[in-house]
Amino acid sequence: MDCLFCSIAAGEIPSAIVYEDAEIIAFRDIQPAAPTHILVIPKAHIPSVDGVCAENSRLVAHIFEVIPQIAAAEGLSNGYRVVSNCGPDAGQTVPHLHFHILGGRPLRSEMC
Ligand code: 5GP
Ligand code: ZN
């Protein structure tokens, strides 16, 4: 399957990795929207939040256990935002489940 984030997870496309274990990987966004902008993904291909189910939700739980560790390592002690865009209306551009970690400056409060 031709998937950008599967290729990054497999190491076929280089990225600035900040965390990796057997199941998930986190790397810096190539077009950062904030001083810290990291993407956290499962290595297994899940297209979006719509693809989360009982069989794979443990991966999402694991991602959310690791996010605070990444935030702490990045020095985001004043807070950060976690975002996952799902589908066209949300502006999802890469169809592999990912969570943005954004921080390093005060973020606008708008949710849409
Ligand atoms: P989405 O728009 O799907 O929520 O987020 C996709 C994100 O992937 C965007 O913020 C975009 O900048 C990032 N991105 C796209 N291609 C690459 C790439 O090749 N490497 C990295 N590190 N980030 C990418
Ligand atoms: Zn994929």
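How many nonpolar, polar and charged residues does the shell around ligand 1 have? I sorted them by class and found seven nonpolar, seven polar and two charged residues. A reminder to myself before going on: this is a predicted model.

Entry on the neighbours. I looked up who surrounds ligand 1 and got 16 residues. The closest are Arg-28, Asp-29, Asn-85, Thr-93 and His-100.

Entry on polar contacts. I went through the oxygen atoms of ligand 1 next. One oxygen is 2.4 Å from an N or O atom in the side chain of Asp-29, a residue that is also on the list of the closest neighbours. For Thr-93, I noted a polar backbone atom 2.7 Å from a ligand oxygen. I then checked how covered the ligand is: taken alone, ligand 1 exposes 520 Å², and the protein buries 83% of that.

Entry on the site. I asked which pocket this is, and the space taken by ligand 1 turned out to be the second largest pocket.

Entry on the elements around the ligand. Which element gives the most to the shell around ligand 1? My look-up says α1, with three residues. Helix α1 covers residues 4–9, and β2 covers 24–28; each of them supplies at least two residues of the shell.

Entry on the strands. Strand β1, residues 17–20, pairs with β2 in the antiparallel sense, over three bridges. What is the bridge partner of Tyr-19 in β2? I found Ala-26 there. Together β1 and β2 form a hairpin, with three residues between the two strands.

Conventions. Residues numbered from 1 in each chain as written. Chains lettered and ligands numbered in written order. Predicted model: local features only at pLDDT ≥ 70, side-chain atom pairs only at ≥ 80, totals over all residues. Heavy atoms only, no water. Near = heavy atom within 4 Å. Polar contact = N/O pair within 3.5 Å; in protein donor to acceptor, adjacent residues only side chain to side chain. Areas by Shrake-Rupley, 256 points an atom, 1.4 Å probe, with all protein chains shown as cover. 1 Å grid on protein atoms, 1.4 Å probe; cavity = no way out; pocket = protein on both sides within 12 Å on 5 of 7 lines; lining within 4 Å. Sits in = over half its atoms within 2 Å of the grid points. Helix = DSSP H or I, 4+ residues; strand = E, 2+ residues; numbered from the N terminus. Nonpolar A, V, L, I, M, F, W, Y, C, P; charged D, E, K, R; others polar. Pairing = 2+ DSSP bridges.
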